[in-house]
Amino acid sequence: MTGYHLDLDTVEAHPSALGGALIDVTITNPGDERPTLAAPAVWGIWSDGVPTRHKQWAHFDADGRSEWLDLTHVGPYEPEGLSGGTYHLDGQHVTDRAGMLLSLGEALLGPGANYGRCLDSVADYLCGGLSVVPPRSPSSGTTPTSPATPSPDMSWPT
């Protein structure tokens, strides 16, 4: 689902006080890039696959929402080339950047989907990237020649 690079150096290793073949190992501090305390709860929801219900991320704090956003970024979960249709953004749980991006991803592509981790990514998508595209191309001012039509199951409830 995700990965973290932890730089660990062994400081000390000796037979464990618990006995048997166990070894107690002391390592250095792995640095700042490590899972947050919210990670196990978020990973638990994702462990069976991409979420299928809306707003499952909403009860998490900022660290949890960030972990959730990281998981939406891992795989190719979003449908490609959709345009047209009506999309409803529920901003009830938008309290920070991650919440806004999660709400936007759900509104446009469904639960567990990603519409970018920053506003630059959102702008790329809105200008004809891999996901929902605008009705007009900003560079040419013309309507796309063969826009895809959202399937009936793409109308996400709010």
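**Around helix H3**

Reply: Let's start at Gly110, which sits just after H3 and takes a positive phi of about 105°. Helices here are DSSP runs of H or I with at least four residues, strands are runs of E with at least two, and both are numbered from the N terminus. Before going on, some ground rules: this is a predicted model, where local features need pLDDT of at least 70 and side-chain atom pairs count only at pLDDT 80 or more, while totals for chains, interfaces and linings use all residues. Residues are numbered from 1 along each chain as its sequence is written, and side-chain values use heavy atoms, leaving out hydrogens and water.

Back to H3 itself. From its first C-alpha to its last, this 13-residue helix reaches 18 Å, close to the 18 Å expected at 1.5 Å a residue (the expected span is 1.5 Å times one less than the number of residues). Of its 13 residues, 11 are buried, so H3 is largely enclosed by the rest of the structure. "Buried" means under 20% relative accessible area, "exposed" means over 50%, and "partly exposed" is in between, using a 1.4 Å probe and protein chains only. Among the buried residues of H3 are Ala98, Gly99, Leu101, Ser103 and Glu106, and Leu108 and Leu109 are in that group too.

Now for the charged contacts. Side chains of opposite charge can pair when their charged atoms come close. Count a salt bridge whenever a side-chain nitrogen of Lys or Arg is within 4 Å of a carboxyl oxygen of Asp or Glu, and you get three of them.

One joins Asp96 to Arg65, at 2.7 Å from N to O. Asp96 belongs to the loop between H2 and H3 while Arg65 is in helix H2, so this bridge ties together parts 31 residues apart in sequence. Arg65 is buried at 9% relative accessible area, whereas Asp96 is partly exposed at 22%.

Another pairs Arg117 with Asp70, at 3.0 Å. Here Arg117 comes from the loop between H3 and helix H4 (119–126) and Asp70 from helix H2, so the parts being tied together are 47 residues apart in sequence. Arg117 is partly exposed, at 25%, and Asp70 is partly exposed at 25%.

Then there's Asp90 with Lys55, whose closest N and O atoms are 2.8 Å apart. That pair links the loop between helix H2 (62–74) and helix H3 (97–109) to the loop between helix H1 (39–46) and H2, 35 residues away. Asp90 is partly exposed at 22%, and so is Lys55 at 26%.

Last, the rings. Phe, Tyr and Trp rings (for Trp, the six-membered one) pair if their centres lie within 6.5 Å; planes under 30 degrees apart are stacked, over 60 edge-to-face, and the rest tilted. The whole structure has two such aromatic pairs. Trp46 is in helix H1 and Trp68 in helix H2, so their pairing ties together parts 22 residues apart in sequence. For Phe60 and Trp68, the centres are 6.1 Å apart and the planes at 40°, so that pair is tilted. Both Phe60 and Trp68 are buried, and ring pairs link Trp46, Phe60 and Trp68 into a cluster.
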